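I opened my notebook to record what I looked up in this structure. The entries follow the order in which I went through them.

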Amino acid sequence: MAAAAAEQQQFYLLLGNLLSPDNVVRKQAEETYENIPGQSKITFLLQAIRNTTAAEEARQMAAVLLRRLLSSAFDEVYPTLPSDVQTAIKSELLIIIQMETQSSMRKKVCDIAAELARNLIDEDGNNQWPEGLKFLFDSVSSQNMGLREAALHIFWNFPGIFGNQQQHYLDVIKRMLVQCMQDQEHASIRTLSARATAAFILANEHNVALFKHFADLLPGFLQAVNDSCYQNDDSVLKSLVEIADTVPKYLRPHLEATLQLSLKLCADTSLSSMQRQLALEVIVTLSETAAAMLRKHTNIIAQTSKYFLCLMENLKIMLTKSIILLLVPQMLAMMVDLEEDEDWANADELEDDDFDSNAVAGESALDRMACGLGGKLVLPMIKEHIMQMLQNGDWKCRHAGLMALSAIGEGCHQQMEGILNEIVNFVLLFLQDPHPRVRYAACNAVGQMATDFAPGFQKKFHEKVIAALLQTMEDQGNQRVQAHAAAALINFTEDCPKSLLIPYLDNLVKHLHSIMVLKLQELIQKGTKLVLEQVVTSIASVADTAEEKFVPYYDLFMPSLKHIVENAVQKELRLLRGKTIECISLIGLAVGKEKFMQDASDVMQLLLKTQTDFNDMEDDDPQISYMISAWARMCKILGKEFQQYLPVVMGPLMKTASIKPEVALLDTQDMENMSDDDGWEFVNLGDQQSFGIKTAGLEEKSTACQMLVCYAKELKEGFVEYTEQVVKLMVPLLKFYFHDDILQQLVAAAESMPLLLECARVRGPEYLTQMWHFMCDALIKAIGTEPDSDVLSEIMHSFAKCIEVMGDGCLNNEHFEELGGILKAKLEEHFKNQELRQVKRQDEDYDEQVEESLQDEDENDVYILTKVSDILHSIFSSYKEKVLPWFEQLLPLIVNLICPHRPWPDRQWGLCIFDDIIEHCSPASFKYAEYFLRPMLQYVCDNSPEVRQAAAYGLGVMAQYGGDNYRPFCTEALPLLVRVIQSADAKTKENVNATENCISAVGKIMKFKPDCVNVEEVLPHWLSWLPLHEDKEEAVQTFSYLCDLIESNHPIVLGPNNTNLPKIFSIIAEGQMHEAIKHEDPCAKRLANVVRQVQTSGGLWTECIAQLSPEQQAAIQELLTSA
């Protein structure tokens, strides 16, 4: 007994040390705690929780640790306990809850009980703790308010506590929540019951019937939202945001009340900024998750409002309409909430946006609202307000109006395009506004429009925008404005067509150079750098767009840029130095190797010097990512010569690429102790759990991974020394994490796989096979599990490329089995998604903007279907007919794709898959002819050009590879192909590819199945249809056949006394002009030989050349020179 007491006392000391501010003491305590056996931990922790004489901090720490133990290690610890100990733990927890007098401690014990209950629901949904349920029912009806709070807290924490008995208890649950929500005496009970209601609805997010059953709780819930906000508690309001995000349809019966409440709270300046922003978030979230439902209810909030007019008057926003939608003005009102700052105009350090500020929250909400509800609704609603604000005497209103224009561009894109001329002319006036922050906002609007409406914006407004921005960049007294004008110029030039920028190069260079020289002097004299940082990037952007046209200006900039890199070594100049390194590398890439080589050695030495200091750089040094990207550009410039620098570059690059992000699986309680300010981002996984990731270093890691891809692509076998370490880095990245930068790493990892295999070829087949075995399983698994469609398509594309590199034998039986199951699931999911979209089209909220969204979803699905086709293509081309037995598990699904009722993309890609089977698996392919032959012949004349093209290609390869069984079908196909070729619109832009495939198919039938058609009758027609120039692959096929015919002196082709030769020359010249055949292709040499033979015949040559246009004659000369 004494020994146990001593051990418990030691444990109290350990709890104290776990709370110690001393890192060493705390770390030692954590190690000691981890080494205590699980059962002992539970005993010690429960004893500490039960001991009311122990320090409060120690008890609370014990409660947190016990909850975490049950959350993270339940299966390892709890089932190993004797049954009497398990029973004792359950009883003990319920007793402590009843006896505990401290509210915060009781909540923590309730969290433990909820966690235990969660783990005591078995796989069949049976609750293994009936006493816990009885305690819940007894406590919620108790006169003891503490016990009622406890019951609601447990239910909120684990709303699935009823398991498979939930339906049975549904009315009881509802009565319990209604009763607590109507408790007029205890506000905390009303708040907790509202949170519990929200948790229960969220836990049953797919149960529409339950939503209807619990709809009458909504008025009480909304009342609790209102009441709790005025008691300085935003927890219920946060629950409403969650409902709007996850189960917006639950709000439908009381949508008007929800919107009215949210607007009221948002407008109430007596509430905190955070509460007002949360209220706005409810509506903005609904505009994203239930846009159609909201669009149909916009009229319900149209009213004249006294509080609103008062608010607007205070903010000096004069609005002429008496009946308005209140939402938009609320956001604009928030955007006017700006502070005066005398030092703003010449601050040299840019601070990050204050995302907690009303102005930023309003702007973000407006952007999201416009994207969610669409410009058709939002633009008419906001246009007049913005125009009023821009004419207001208060600079804050003009600033807010311009920032609002910037915010809505993406969402109102289509509607703003029609009035863009009016908008641009108006916005440019504000670059002359007397207030610097309004000029800044005007620069912001110009830059945002240059991005949102590119390249049309650049094409229409290049003259006035470039002139206005260059003038604004001369605003020497306000460097924030100067810098932002330079930033807008970057946005403009990034998406500006090269041909449009060239005429302005002299003027741009003159201004940029003079500002750079002036700001370089200011840097030396005053230490100011902000404008110089942006101007350096502007120079880089102009050079990047101008490419070789920047050569004449190269010598004007390079000495100064090198000077900056050499001398800007102070810590506060790291960003300037990084941007200058970027600028030098982009200029080098633009002007090309020949011009850049004069400085290449100096630049490389500067980069190498920086690289040697790399290990001394702090993790957040901005130079790191700029250096990594600059090395990759130098690789592109120098090509194989860059290989010598790899030993210096690769160490730091691999170090950055190998950064391991800190991740954690957290429950609700742990989440409340962490914040986004700590650099963590979270994704809710449901069931009171969230996935967290610390974002520090992720962007740099992502850049480094992309640069490794660049090296592999550019250096090929020159990169072979590093393939092993890179593949070991990349393969583990083929896993999903919830962050954009990690998704980019995943894309880079996928893209690297076939490139690394190409690099490794030089080491021989054994090394190559070992590398492939290392990556193959991970690639297949990633195809099966990756949820992001953009990343998934990249992985599937990469896998197909890898199979093409490795060829026959690269997949074993297990690979085929797993891959077959995955591809089957992808195709089934494709059909299921189409059915779900049809259901959505029957929804009461369906409208044209929902249709646009559904079409976007459909395009994503079809893109994945194209990647399924890519994988099957690589397998068929590698394995030939051997793989057909494996393919038969997919056959019914592929046949379903080409059914007449399917959408045209399904039929297109279904036909493409059968095309591959005919091309690579014939003559064995004929056993599937019953499934595809009739559709293929029928679809040659389909309304969709994409379907016609796929069908025509299939008929061509049928003639080329199909074997004798296909002969009668070649005869049947010919008149169908001719009908398409001779249709009136055959050569229009949308039809030309399908038509060219038909022409090629006719050529293949004549070449490979000449006994199936009357060649002499068809050949003159076929010649009249040439040349092909849009579909390059089919152009090569037709020109090769034409060469066969000419080289065999075919009389119909050459004509009597070679009278057709001028026509043939014209065909060859047109093909050359359209770059139908690459110069290195053997076919180009054959065509050149045909021309040379005629060239030796004197008069015939003159006759042929005389009938060509000057452009055609030049094309013939180019062919003779290059081939």
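I first wrote down the cut-offs: a residue is buried under 20% relative accessible area, exposed over 50%, and partly exposed in between. The model is predicted, and I kept that in mind throughout. I looked up Asp 341, which has 42% relative accessibility and therefore counts as partly exposed. Asp 341 sits in the loop between helix H18 (327-335) and helix H19 (358-373). I also checked its distance to Ile 581, which is 240 residues away along the chain; the two C-alpha atoms are separated by 33 Å.

I found Gln 8 in helix H1 (residues 2-18). Is Gln 8 buried or exposed? Its relative accessibility is 10%, so Gln 8 counts as buried. Setting aside neighbours within four places in sequence, I listed its contacts as Thr 43, Phe 44, Gln 47 and Ala 48. I then looked at the UniProt record, an unreviewed entry, which places "domain: Importin N-terminal" at residues 45-99. Over residues 45-99 I read 82% helix and 0% strand, with the end C-alpha atoms 17 Å apart.

I looked up how helix H24 (residues 436-452) packs with helix H26 (residues 479-494): the angle is about 10° and the axes are 8 Å apart. Angles under 35 degrees count as roughly parallel, so H24 and H26 are roughly parallel to each other. Among the residues that meet are Tyr 440, Cys 443 and Gly 447 in H24 and His 484, Ala 488 and Phe 492 in H26. By class, the contact of H24 with H26 has eight nonpolar, six polar and two charged residues.

The contact includes Leu 792, Met 796, Phe 799 and Ile 803 of H40, and Tyr 863, Ile 864, Val 868 and Ile 871 of H42. I noted ten nonpolar, seven polar and three charged residues in the contact of H40 with H42.

Most residues other than glycine have a negative phi, and most peptide bonds are trans. I looked for departures from this. A cis peptide bond joins Ala 454 and Pro 455, with omega about -5°. Pro 455 is in the loop between H24 and helix H25 (456-472). I found a cis bond between Ser 922 and Pro 923 too, with omega about 5°; Pro 923 is in the loop between helix H45 (904-921) and helix H46 (929-939). Lys 880 has a positive phi, near 55°, and lies in the loop between H42 and helix H43 (884-887). Lys 880 is partly exposed, at 35% relative accessible area. Asn 1058 has a positive phi near 60° and is partly exposed at 29%.

How far apart are the end C-alpha atoms of H47? At 1.5 Å a residue, the 17 residues of H47 (residues 945-961) should span 24 Å, and the ends are 24 Å apart, which agrees. I noted that 13 of the 17 residues are buried, so H47 is largely enclosed by the rest of the structure. Gly 963 follows H47, and its phi is positive, near 90°.

Methods:
Residues are numbered from 1 along each chain as its sequence is written. This is a predicted model: local features need pLDDT of at least 70, side-chain atom pairs count only at pLDDT 80 or more; totals for chains, interfaces and linings use all residues. Side-chain values use heavy atoms; hydrogens and water are left out. Helices (H or I, at least four residues) and strands (E, at least two) are DSSP runs, numbered from the N terminus. The expected span of a helix is 1.5 Å times one less than its number of residues. Buried means under 20% relative accessible area, exposed over 50%, partly exposed in between (1.4 Å probe, protein chains only). UniProt positions are given in the numbering used here, feature names are shortened, and annotations may be inferred rather than shown by experiment. Contact means heavy atoms within 4.5 Å. Ala, Val, Leu, Ile, Met, Phe, Trp, Tyr, Cys and Pro count as nonpolar, Asp, Glu, Lys and Arg as charged, and the others, Gly among them, as polar. Axes are lines fitted to C-alpha atoms, for helices over the stretch in contact, and angles run from 0 to 180 degrees between N-to-C directions. Angles under 35 degrees count as roughly parallel, over 145 as roughly antiparallel, 65 to 115 as roughly perpendicular and the rest as oblique.
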